[in-house]
Amino acid sequence: MKPTLNIIGCGKLAKTLAALWHRRRCLVLQQCYSRSYGSARALCDFAGAGKAIGELEAFKDADIWLIATPDAAIADTARELAERRRVGTGAVVFHCSGALTSAHLRPLDTFGVYRASVHPIHSFADPTASLASFGGSYCATEGDHAALMQLIPAFQQIGGLTFAIEAEAKTLYHAGSVIGCNYLVTLLEASLRSFEAAGVERELAAKLLLPIMHNTLDNALTRSPVAALTGPISRGDIATVESQLADLQAVAPDLVDLYATLGRYTLAIARQQEASDAGGLDDLEELLGDGPMGRE
(Lines give C-alpha, C1' and ligand atoms only; values in the text may rest on other atoms or scores of the structure.)
Protein backbone atom coordinates (compact mmCIF):
# COMPACT_ATOMS: atom_id res chain seq x y z
CA MET A 1 0.00 0.00 0.00
CA LYS A 2 1.11 3.56 -0.71
CA PRO A 3 2.00 5.76 2.27
CA THR A 4 -0.81 7.95 3.60
CA LEU A 5 -0.46 11.73 3.76
CA ASN A 6 -2.05 14.34 6.04
CA ILE A 7 -1.66 18.05 5.30
CA ILE A 8 -1.89 21.06 7.60
CA GLY A 9 -1.98 24.36 5.72
CA CYS A 10 -3.71 24.34 2.35
CA GLY A 11 -2.08 27.05 0.27
CA LYS A 12 -0.78 26.93 -3.28
CA LEU A 13 2.26 24.76 -2.57
CA ALA A 14 0.20 22.16 -0.70
CA LYS A 15 -2.46 22.12 -3.44
CA THR A 16 0.14 21.53 -6.13
CA LEU A 17 2.05 18.80 -4.30
CA ALA A 18 -1.11 17.00 -3.19
CA ALA A 19 -2.47 16.95 -6.74
CA LEU A 20 0.82 15.75 -8.22
CA TRP A 21 1.24 12.97 -5.67
CA HIS A 22 -2.35 11.84 -6.19
CA ARG A 23 -2.06 11.86 -9.97
CA ARG A 24 1.21 9.93 -9.93
CA ARG A 25 -0.18 7.61 -7.24
CA CYS A 26 2.85 8.18 -5.03
CA LEU A 27 0.99 8.97 -1.81
CA VAL A 28 -2.58 8.53 -0.62
CA LEU A 29 -3.99 11.91 0.38
CA GLN A 30 -5.93 11.27 3.55
CA GLN A 31 -6.98 14.42 5.44
CA CYS A 32 -6.39 18.16 5.10
CA TYR A 33 -6.77 20.92 7.67
CA SER A 34 -6.53 24.69 7.41
CA ARG A 35 -7.63 27.59 9.58
CA SER A 36 -10.15 28.15 6.79
CA TYR A 37 -12.26 25.06 6.19
CA GLY A 38 -12.95 26.38 2.70
CA SER A 39 -9.23 26.28 1.89
CA ALA A 40 -9.05 22.64 2.96
CA ARG A 41 -12.06 21.82 0.80
CA ALA A 42 -10.51 23.68 -2.14
CA LEU A 43 -7.31 21.66 -1.82
CA CYS A 44 -9.19 18.36 -1.85
CA ASP A 45 -11.26 19.47 -4.84
CA PHE A 46 -8.14 20.57 -6.70
CA ALA A 47 -6.25 17.36 -5.92
CA GLY A 48 -9.26 15.15 -6.56
CA ALA A 49 -8.66 13.27 -3.33
CA GLY A 50 -8.59 13.57 0.45
CA LYS A 51 -11.06 14.78 3.05
CA ALA A 52 -11.21 18.25 4.56
CA ILE A 53 -11.55 18.42 8.34
CA GLY A 54 -12.43 21.35 10.57
CA GLU A 55 -10.28 20.67 13.64
CA LEU A 56 -6.96 19.03 14.49
CA GLU A 57 -8.65 16.46 16.76
CA ALA A 58 -10.32 14.95 13.69
CA PHE A 59 -7.02 13.82 12.19
CA LYS A 60 -6.40 10.13 11.86
CA ASP A 61 -2.83 8.87 11.98
CA ALA A 62 -0.84 8.94 8.75
CA ASP A 63 2.55 7.77 7.53
CA ILE A 64 3.58 11.27 6.38
CA TRP A 65 2.53 14.70 7.62
CA LEU A 66 3.16 17.90 5.65
CA ILE A 67 3.03 21.14 7.66
CA ALA A 68 2.53 23.72 4.92
CA THR A 69 1.59 26.66 7.11
CA PRO A 70 3.37 30.04 6.89
CA ASP A 71 6.90 29.80 8.33
CA ALA A 72 5.97 31.67 11.50
CA ALA A 73 3.37 29.01 12.38
CA ILE A 74 5.40 25.85 11.71
CA ALA A 75 6.89 25.41 15.19
CA ASP A 76 3.58 26.27 16.89
CA THR A 77 1.76 23.76 14.69
CA ALA A 78 4.26 21.05 15.58
CA ARG A 79 3.84 21.92 19.25
CA GLU A 80 0.06 21.77 18.98
CA LEU A 81 0.21 18.39 17.27
CA ALA A 82 2.44 17.16 20.08
CA GLU A 83 0.13 18.48 22.78
CA ARG A 84 -2.87 16.83 21.12
CA ARG A 85 -0.92 13.59 20.51
CA ARG A 86 -2.08 13.35 16.89
CA VAL A 87 1.13 11.97 15.33
CA GLY A 88 2.11 8.34 15.82
CA THR A 89 5.54 6.86 16.48
CA GLY A 90 7.60 6.39 13.34
CA ALA A 91 5.65 8.92 11.26
CA VAL A 92 7.46 11.33 8.95
CA VAL A 93 6.75 15.03 9.55
CA PHE A 94 8.17 17.65 7.19
CA HIS A 95 7.75 21.21 5.99
CA CYS A 96 8.69 22.99 2.76
CA SER A 97 10.17 26.21 4.13
CA GLY A 98 13.28 27.46 2.40
CA ALA A 99 14.46 29.45 5.40
CA LEU A 100 13.70 27.07 8.31
CA THR A 101 15.23 23.71 9.15
CA SER A 102 13.66 20.51 10.42
CA ALA A 103 14.69 21.58 13.93
CA HIS A 104 11.47 23.63 14.06
CA LEU A 105 9.61 20.30 14.29
CA ARG A 106 11.40 19.25 17.50
CA PRO A 107 8.28 19.44 19.69
CA LEU A 108 7.29 16.13 18.08
CA ASP A 109 10.54 14.35 18.99
CA THR A 110 9.01 12.85 22.13
CA PHE A 111 6.73 10.76 19.91
CA GLY A 112 9.59 9.22 17.96
CA VAL A 113 8.82 10.89 14.65
CA TYR A 114 11.27 11.42 11.81
CA ARG A 115 11.47 15.05 10.72
CA ALA A 116 12.75 16.78 7.60
CA SER A 117 12.46 19.83 5.38
CA VAL A 118 12.16 19.74 1.60
CA HIS A 119 12.21 23.10 -0.19
CA PRO A 120 11.18 23.08 -3.87
CA ILE A 121 12.82 25.90 -5.80
CA HIS A 122 9.67 26.63 -7.73
CA SER A 123 7.16 29.46 -7.96
CA PHE A 124 3.75 28.16 -6.87
CA ALA A 125 1.91 31.35 -7.86
CA ASP A 126 -0.52 29.36 -10.04
CA PRO A 127 -1.12 25.74 -8.92
CA THR A 128 -2.71 24.80 -12.24
CA ALA A 129 0.37 25.97 -14.14
CA SER A 130 2.65 24.32 -11.57
CA LEU A 131 1.13 20.91 -12.30
CA ALA A 132 2.72 21.11 -15.74
CA SER A 133 5.91 22.97 -14.82
CA PHE A 134 6.98 21.40 -11.51
CA GLY A 135 8.99 18.65 -13.22
CA GLY A 136 12.66 19.61 -13.27
CA SER A 137 12.41 21.80 -10.17
CA TYR A 138 15.28 21.36 -7.72
CA CYS A 139 14.37 20.52 -4.13
CA ALA A 140 16.72 21.12 -1.19
CA THR A 141 16.49 18.33 1.40
CA GLU A 142 17.59 18.28 5.03
CA GLY A 143 16.66 16.21 8.07
CA ASP A 144 16.53 12.69 9.48
CA HIS A 145 17.76 9.97 7.14
CA ALA A 146 14.67 7.82 7.74
CA ALA A 147 12.41 10.70 6.74
CA LEU A 148 14.38 11.56 3.62
CA MET A 149 14.39 7.92 2.52
CA GLN A 150 10.62 8.29 2.06
CA LEU A 151 10.40 11.90 0.96
CA ILE A 152 13.14 11.95 -1.68
CA PRO A 153 11.49 9.21 -3.79
CA ALA A 154 8.10 10.94 -3.39
CA PHE A 155 9.48 14.19 -4.78
CA GLN A 156 11.49 12.44 -7.50
CA GLN A 157 8.38 10.63 -8.71
CA ILE A 158 6.71 13.97 -9.47
CA GLY A 159 9.79 15.27 -11.30
CA GLY A 160 11.69 16.92 -8.46
CA LEU A 161 15.50 16.96 -8.60
CA THR A 162 16.64 16.59 -5.01
CA PHE A 163 19.90 17.71 -3.44
CA ALA A 164 21.12 17.91 0.16
CA ILE A 165 21.62 21.17 2.06
CA GLU A 166 23.25 21.54 5.47
CA ALA A 167 20.86 22.80 8.13
CA GLU A 168 23.18 25.61 9.21
CA ALA A 169 23.41 26.85 5.60
CA LYS A 170 19.69 27.17 4.95
CA THR A 171 19.43 30.88 5.76
CA LEU A 172 22.11 31.80 3.22
CA TYR A 173 20.70 29.31 0.73
CA HIS A 174 17.28 30.88 1.04
CA ALA A 175 18.74 34.38 0.72
CA GLY A 176 20.12 33.29 -2.63
CA SER A 177 16.65 32.15 -3.69
CA VAL A 178 15.07 35.42 -2.54
CA ILE A 179 17.61 37.58 -4.38
CA GLY A 180 17.43 35.52 -7.57
CA CYS A 181 13.67 35.06 -7.66
CA ASN A 182 11.73 37.52 -5.51
CA TYR A 183 13.98 40.48 -6.21
CA LEU A 184 13.90 39.72 -9.91
CA VAL A 185 10.20 40.59 -9.74
CA THR A 186 11.09 43.84 -7.94
CA LEU A 187 13.61 44.72 -10.65
CA LEU A 188 11.06 44.02 -13.36
CA GLU A 189 8.54 46.31 -11.66
CA ALA A 190 11.16 49.08 -11.43
CA SER A 191 12.00 48.59 -15.10
CA LEU A 192 8.33 48.77 -16.14
CA ARG A 193 7.87 51.98 -14.12
CA SER A 194 10.82 53.56 -15.90
CA PHE A 195 9.40 52.59 -19.29
CA GLU A 196 6.03 54.05 -18.31
CA ALA A 197 7.70 57.32 -17.30
CA ALA A 198 9.19 57.39 -20.80
CA GLY A 199 5.73 57.05 -22.34
CA VAL A 200 5.94 53.33 -23.19
CA GLU A 201 2.79 51.53 -22.09
CA ARG A 202 3.34 48.78 -19.52
CA GLU A 203 1.92 46.06 -21.76
CA LEU A 204 4.28 46.95 -24.60
CA ALA A 205 7.22 47.30 -22.21
CA ALA A 206 6.61 43.78 -20.91
CA LYS A 207 6.62 42.44 -24.46
CA LEU A 208 9.86 44.15 -25.44
CA LEU A 209 11.56 43.07 -22.20
CA LEU A 210 10.60 39.41 -22.58
CA PRO A 211 13.22 38.36 -25.15
CA ILE A 212 16.09 40.44 -23.80
CA MET A 213 15.49 39.35 -20.20
CA HIS A 214 15.35 35.70 -21.25
CA ASN A 215 18.51 36.12 -23.31
CA THR A 216 20.36 37.86 -20.47
CA LEU A 217 19.29 35.24 -17.94
CA ASP A 218 20.32 32.39 -20.24
CA ASN A 219 23.74 33.96 -20.83
CA ALA A 220 24.32 34.65 -17.14
CA LEU A 221 23.39 31.13 -16.03
CA THR A 222 24.86 29.09 -18.89
CA ARG A 223 28.04 31.17 -19.23
CA SER A 224 28.64 33.55 -16.31
CA PRO A 225 27.47 36.94 -14.99
CA VAL A 226 30.76 38.45 -16.16
CA ALA A 227 30.24 37.19 -19.70
CA ALA A 228 26.58 38.26 -19.74
CA LEU A 229 27.05 41.85 -18.57
CA THR A 230 26.55 44.58 -21.17
CA GLY A 231 25.34 48.18 -20.99
CA PRO A 232 26.66 51.55 -19.84
CA ILE A 233 28.43 50.38 -16.68
CA SER A 234 30.15 47.60 -18.57
CA ARG A 235 31.37 50.24 -21.05
CA GLY A 236 32.38 52.75 -18.37
CA ASP A 237 29.88 55.19 -19.91
CA ILE A 238 29.57 57.81 -17.17
CA ALA A 239 27.61 60.27 -19.33
CA THR A 240 24.75 57.81 -19.85
CA VAL A 241 24.59 56.78 -16.21
CA GLU A 242 24.71 60.40 -15.07
CA SER A 243 21.87 61.31 -17.42
CA GLN A 244 19.73 58.35 -16.32
CA LEU A 245 20.19 59.22 -12.65
CA ALA A 246 19.17 62.80 -13.31
CA ASP A 247 16.02 61.84 -15.22
CA LEU A 248 15.02 59.25 -12.63
CA GLN A 249 15.46 61.89 -9.93
CA ALA A 250 13.00 64.08 -11.80
CA VAL A 251 10.24 61.52 -12.47
CA ALA A 252 10.79 58.57 -10.13
CA PRO A 253 13.11 59.65 -7.29
CA ASP A 254 12.41 56.51 -5.26
CA LEU A 255 14.19 54.49 -7.95
CA VAL A 256 17.43 56.47 -7.73
CA ASP A 257 18.80 54.60 -4.71
CA LEU A 258 17.91 51.26 -6.29
CA TYR A 259 19.65 52.22 -9.54
CA ALA A 260 22.76 53.47 -7.72
CA THR A 261 23.00 50.50 -5.36
CA LEU A 262 22.70 47.98 -8.18
CA GLY A 263 25.16 50.05 -10.18
CA ARG A 264 27.77 49.72 -7.43
CA TYR A 265 27.38 45.95 -7.38
CA THR A 266 27.49 45.88 -11.18
CA LEU A 267 30.82 47.74 -11.11
CA ALA A 268 32.42 44.77 -9.37
CA ILE A 269 31.31 42.53 -12.22
CA ALA A 270 32.42 44.99 -14.88
CA ARG A 271 35.93 45.15 -13.39
CA GLN A 272 36.31 41.43 -14.10
CA GLN A 273 35.72 41.87 -17.82
CA GLU A 274 38.83 41.70 -19.98
CA ALA A 275 37.99 44.83 -21.99
CA SER A 276 36.93 46.93 -19.00
CA ASP A 277 37.81 50.63 -18.92
CA ALA A 278 39.43 51.04 -15.50
CA GLY A 279 39.37 54.82 -15.68
CA GLY A 280 35.73 54.94 -16.69
CA LEU A 281 34.78 52.50 -13.94
CA ASP A 282 36.64 54.61 -11.38
CA ASP A 283 34.64 57.65 -12.47
CA LEU A 284 31.42 55.66 -12.21
CA GLU A 285 32.33 54.52 -8.73
CA GLU A 286 32.75 58.10 -7.65
CA LEU A 287 29.41 59.03 -9.23
CA LEU A 288 27.50 56.13 -7.67
CA GLY A 289 29.02 56.51 -4.24
CA ASP A 290 30.64 54.08 -1.85
CA GLY A 291 29.20 50.59 -1.58
CA PRO A 292 30.09 47.17 -0.18
CA MET A 293 31.18 45.97 -3.61
CA GLY A 294 33.37 48.97 -4.45
CA ARG A 295 37.11 48.85 -4.94
CA GLU A 296 39.23 47.77 -2.02
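A residue is called buried when its relative accessible area is under 20% and exposed when it is over 50%, with partly exposed in between (1.4 Å probe, protein chains only). The model is predicted, with local features requiring pLDDT of at least 70 and side-chain atom pairs counting only at pLDDT 80 or more, while totals for chains, interfaces and linings use all residues. Residues are numbered from 1 along each chain as its sequence is written, and side-chain values use heavy atoms, leaving out hydrogens and water.

Ile74, Ala75, Thr77, Ala78, Leu81 and Ala82 of α3 are buried. Seen down the axis, these buried residues fall within an arc of 160° (taken from the directions from the helix axis to the C-beta atoms), so they line one face of the helix. Their packing partners are β1 (4-8), β4 (64-67) and β5 (92-95), with contact meaning heavy atoms within 4.5 Å. Ala72 and Glu83 are exposed on the face turned away. Just after α3, Arg85 has a positive phi of about 55°.

Turning to the strands, pairing requires at least two DSSP bridges. Four bridges join β4 and β5 in the parallel sense, and Ile64 has Val92 as its bridge partner in β5. Strand β5 also runs parallel to β6 (residues 114-120), again over four bridges, where Val93 is partnered by Arg115.

Definitions and conventions: Helices (H or I, at least four residues) and strands (E, at least two) are DSSP runs, numbered from the N terminus.
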